[in-house]
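I opened a new page for this model today.

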Amino acid sequence: MDSLQEVPNLCPTNDYYKRLALECTGHQIAVDLFLMNNRYSDLSTLADMSKFSTGCVFHFPNYHINHAPIQVKRFQKQLNRYLVRKIGFEAVLRIRCTKGLSLHTFYGNFFVRSTDLLAMANVNPDSAIAVQVQMEENLIGINTACFQAAVLYTSSRGDRRIRIHTLCLPVTKDLSTIFSQFDVKCAISLLSKMGNDFKLLNNKLPATTLQMYRC
């Protein structure tokens, strides 16, 4: 997939489904897509419908009830999870962080209302959002960096609720401490999303990101 001619095939051919998703978001509607195709489907275009409406994409290529038992079991498992999991509606998410740090980029399925406010038609336990944090000032004299995420949503019973999570992390210059507390799974997930976005936009990865990939 290194050929520049192949990159456009991974991008949406038009913005119709993106505009449809934004209209759905305005009415607090999320679009979840189950794709069970035996022939070519333009998933890169269709996926915008879920991406910008806070929905999910479930892809089961070459699905057949008799000839693809693995895909059938996978579909049954994911559909069961989809139907029984808890859900919240009309959600907004705001993330704050310590002075000197800023939220650089968000990754996931949502609509960005402002620099630190995300609009989500619904939220569920399987929703995942990644945030890239950038240092704007030197953290000299600061022993703890704090992050706070607040989600305002409507429960399935119609109650308006707010859930707040606060995370405090020690600031250190000791590399051994940093590596011992490093969350590998989280980092790989973030780097994969970053690399995918840069590739689709036909941009070059920043030097710092390339260095992390080499490590």
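**Entry 1: the pocket lining.** I looked up the second largest pocket and sorted its lining by residue type. The lining divides into 21 nonpolar, 12 polar and seven charged residues. In total, 40 residues line the second largest pocket. I keep in mind that this is a predicted model.

I then asked which residues lie nearest the centre of the second largest pocket. They are K51, G108, N109, N196 and D197. For the volume of this pocket, I noted about 1,400 Å³.

**Entry 2: who supplies the lining.** Which element gives the most to the lining of the second largest pocket? I found α6, with five residues. Helix α6 covers 184-200. Other elements that each supply at least two residues include α2 (43-46), α3 (48-51) and β2 (57-59). The strands β4 (101-107), β5 (111-114) and β6 (117-123) also each supply at least two.

**Entry 3: the cores.** Next I went to the largest nonpolar core and counted 11 residues. Among them are A91, L93 and I95. L103, F106 and F110 belong to this core as well. The list also holds L118, M120, V123, V151 and Y153. The elements giving two or more residues to this core are β3 (88-97), β4, β6 and β8 (144-155).

I also noted a second, separate core of six residues. F58, F60, Y63 and V72 are among its members.

Leaving out residues up to four places away in sequence, V123 touches K86, I87, G88, A91 and Y153.

**Entry 4: positive phi.** N62 is one of them, with a phi of about 55 degrees. I placed N62 in the loop between β2 and α4 (69-84). Is N62 buried or exposed? N62 is exposed, because its relative accessible area is 53% and the cut-off for exposed is over 50%.

E90 also has a positive phi, of about 50 degrees, and is not a glycine. Where is E90 found? I located E90 in strand β3. E90 has 38% relative accessibility, so I logged E90 as partly exposed.

Key. Residues are numbered from 1 along each chain as its sequence is written. This is a predicted model: local features need pLDDT of at least 70, side-chain atom pairs count only at pLDDT 80 or more; totals for chains, interfaces and linings use all residues. Side-chain values use heavy atoms; hydrogens and water are left out. On a 1 Å grid over the protein atoms alone, a cavity is a set of points where a 1.4 Å probe fits but cannot get out, and a pocket is an open set with protein on both sides within 12 Å along at least five of seven lines; lining residues have an atom within 4 Å of a point. Grid points are joined across faces, edges and corners, and a volume is the space filled by probe spheres set on the points. Helices (H or I, at least four residues) and strands (E, at least two) are DSSP runs, numbered from the N terminus. Ala, Val, Leu, Ile, Met, Phe, Trp, Tyr, Cys and Pro count as nonpolar, Asp, Glu, Lys and Arg as charged, and the others, Gly among them, as polar. A nonpolar core is a set of buried Ala, Val, Leu, Ile, Met, Phe, Trp, Tyr and Cys residues joined through side-chain atoms within 4.5 Å. Buried means under 20% relative accessible area, exposed over 50%, partly exposed in between (1.4 Å probe, protein chains only). Contact means heavy atoms within 4.5 Å.
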